[in-house]
Amino acid sequence: MDPIAIIEKYYPKDTPLYTIYMEHAKAVADKSVELAKKYPELNLDLDFIYEAALLHDIGIFLTDAPEIKCTGPYPYICHGYLGADLLRKEGLHRHAQVCERHTGTGISLNQIQERNLPLPHRDMCPVSLEEQLICFVDLFYSKTKLGKTKSIDSIRDKMKKTKRGSVKKFDQWCKVFL
């Protein structure tokens with residue numbers, strides 16, 4: 001499976017959006033693999049982690065996020081399930097799960113219903129260690145501040161301020177993956 005070929009189906013090379021996408025995805029993929037290699041006892045699937053991390057945001061082009069050159073009709077929060085739908089059509093069901101479950105620290109069915117989020121009514125929280133690792137690493141990298149890594153404190157502060165993501169889950173992941 002060639003994740004770059006799949007990305008290039010939806011993101012034309014030599015466009016600002018392609019550059020933003022690839023820089024972010026590569027940062028998440030490289031760091032995810034680096035952390036996975038630190039813990040061989042976890043038996044993480046390194047090839048899958050790299051591929052899935054490159055593809056985790058494949059749905060952003062379908063969203064309305066002009067600050068990252070996305071001009072689609074959907075709210076940005078929808079990019080996970082939209083990307084999952086694209087990857088399912090490619091036959092990549094396991095990779096699709098990462099797309100759908102990577103937003104914040106995951107989004108529960110209860111949160112979707114309570115907040116009336118424009119998402120399908122199903123649980124969207126990472127399950128496997130590979131999913132959790134990619135979700136965790138993604139929190140450190142923004143698409144608007146490429147090349148910069150967020151600090152643990154800034155991630156916690158943003159979660160507390162916006163009430164998006166679970167600080168408790170993030171802290172648990174810090175203990176597992178750092």
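Predicted model: local features only at pLDDT ≥ 70, side-chain atom pairs only at ≥ 80, totals over all residues.
The largest cavity in this structure holds about 40 Å³ of space.

The residues that line the largest cavity are Ile77, Gly80, Tyr81, Glu100, Thr103, Ile107, Leu119 and Met124. Divided by class, that lining consists of five nonpolar, two polar and one charged residues. How many cavities of 30 Å³ or more are there by this rule? The count is two. The second largest cavity contains about 30 Å³ of space. Its lining is formed by Glu23, His24, Ala27, Tyr141, Ser142, Lys145, Leu146, Gly147 and Lys148. Here the classes are evenly represented, with three nonpolar, three polar and three charged residues.

I now move to the open space. The volume of the largest pocket is about 1100 Å³. It is lined by 31 residues, and those closest to the centre of the pocket are Tyr76, Gly104, Lys150, Lys158 and Arg164. Which helix supplies the largest share of this lining? It is helix α8, residues 152-162, with five residues. In terms of class, the lining of the largest pocket comprises 10 nonpolar, 12 polar and nine charged residues.

Helix α8 also brings us to the packing of helices. Its partner is helix α9, which spans residues 167-177; the two axes come within 10 Å and cross at roughly 160 degrees. An angle over 145 degrees counts as roughly antiparallel, and α8 and α9 are therefore roughly antiparallel to each other. Their crossing is right-handed. On the α8 side, the contact is made by Ile152, Ile155, Arg156, Met159 and Lys160, and on the α9 side by Val167, Phe170, Asp171 and Cys174. This contact of α8 with α9 has six nonpolar and three charged residues, and no polar ones.

The remaining two pairs both involve helix α2. The axes of α2 and α3 are 7 Å apart, and the angle between them is about 155 degrees. That angle makes α2 roughly antiparallel to α3. The crossing of these two helices is right-handed. From α2, the residues in contact are Tyr21, Ala25, Lys26, Val28, Ala29, Asp30, Ser32, Val33, Ala36 and Lys37; from α3, they are Leu46, Ile49, Tyr50, Ala53, Leu54 and Leu55. The contact of α2 with α3 divides into 12 nonpolar, one polar and three charged residues.

The other pair joins α2, residues 16-37, to helix α7, residues 129-138. Their axes come within 9 Å and cross at roughly 125 degrees. Seven of the residues in the contact of α2 with α7 are nonpolar, two are polar and two are charged.

Terms used:
Residues numbered from 1 in each chain as written. Heavy atoms only, no water. Axes fitted to C-alpha atoms, helices over the stretch in contact; angles between N-to-C directions. Helix = DSSP H or I, 4+ residues; strand = E, 2+ residues; numbered from the N terminus. Nonpolar A, V, L, I, M, F, W, Y, C, P; charged D, E, K, R; others polar. 1 Å grid on protein atoms, 1.4 Å probe; cavity = no way out; pocket = protein on both sides within 12 Å on 5 of 7 lines; lining within 4 Å. Points joined across faces, edges and corners; volume = space filled by probe spheres on them. Parallel < 35°, antiparallel > 145°, perpendicular 65-115°, else oblique. Left-handed = near helix turned anticlockwise from the far one by under 90°. Contact = heavy atoms within 4.5 Å.
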